Each structure stands twice: as structure tokens, then as C-alpha cells.
Amino acid sequence: MPSNDVVKFEYEGAEYEADAAALRDYSTIKAVSKVETDPAGFFDAMERVFMGRDEEYAAATGGTAGIGALFNAAAQAANAKN
């Protein structure tokens, strides 16, 4: 379940939202860092961070590479918020 800590940010001219608490969560960071050995964990993390809109966001940004870049932009936005 998403937290109330939602960050809105712009990426490549479009508006997105991410769960800032999920972006700072150790298990999320760990899952993203293990993408090569545990891709399912990566996708679960993207689903948490983007509050169930990860497939929509991936389609809008160009797939797996795009969602990875969007994750980085979301992390920067969440850090700027704090």
C-alpha cells in the first residue's frame, strides 16, 4: 500500500508520481540493485515505487531502460523533497 509520502516530478516533459517512502526503503533499494540476479524483485520494487502504475510508466518511457531512468529521476525528486 502506498504511503502518504508521494512525490510528483517531471520527466521528459510528462508528470509522474512516486512513493517517496518506498524510494528510501532499504528493501526497495536492495531489490533494484539486484536486478541482474533477481529481475522479479526489481519489477516488484518498481510496482511499489510507482504505486501500481509501473506498466503504464514503462510503456510511456520506453520499457525497462526507461523505467530505470524514471526510477533515478524519482529518487532525485524524493531526495530534493527531503
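Which exposed residues does the face of α2 turned away from its buried side carry? Point 1 takes this up; the model is a predicted one.

1. Helix α2 spans residues 26-33, and its buried residues are Thr-28, Ala-31 and Val-32. Viewed down the helix axis, these buried residues fall within an arc of 100 degrees, so they line one face of α2. The face turned away from that buried side carries the exposed residues Tyr-26 and Ser-33. An α-helix has 3.6 residues a turn, so residues three or four places apart point the same way.

2. Strands β1 (residues 6-11) and β2 (residues 14-19) pair in the antiparallel sense. Six bridges join them. Two residues sit between the strands of this hairpin, where Glu-12 takes a positive phi near 50 degrees.

3. Lys-8 stands opposite Glu-17 in β2. Their side chains meet in a salt bridge, 3.5 Å from N to O. Lys-8 counts as exposed, at 60% relative accessibility. Glu-17 is partly exposed, at 25%.

4. The structure holds three salt bridges. Another of them joins Arg-24 to Asp-5, with the closest N and O atoms 2.2 Å apart. Arg-24 lies in helix α1 and Asp-5 in the segment before β1, so this pair ties together parts that are 19 residues apart in sequence. Asp-5 is buried, because its relative accessible area of 18% falls under the 20% cut-off. Arg-24 is partly exposed at 36%.

5. Arg-53 and Glu-56 also form a salt bridge, at 2.8 Å from N to O. Arg-53 is partly exposed, at 35% relative accessibility. Glu-56 is partly exposed too, with a relative accessible area of 44%.

Notes
Residues are numbered from 1 along each chain as its sequence is written. This is a predicted model: local features need pLDDT of at least 70, side-chain atom pairs count only at pLDDT 80 or more; totals for chains, interfaces and linings use all residues. Side-chain values use heavy atoms; hydrogens and water are left out. Buried means under 20% relative accessible area, exposed over 50%, partly exposed in between (1.4 Å probe, protein chains only). Helices (H or I, at least four residues) and strands (E, at least two) are DSSP runs, numbered from the N terminus. The arc is that of the directions from the helix axis to the C-beta atoms. Two strands pair if DSSP finds at least two bridges between them. A salt bridge is a side-chain nitrogen of Lys or Arg within 4 Å of a carboxyl oxygen of Asp or Glu.
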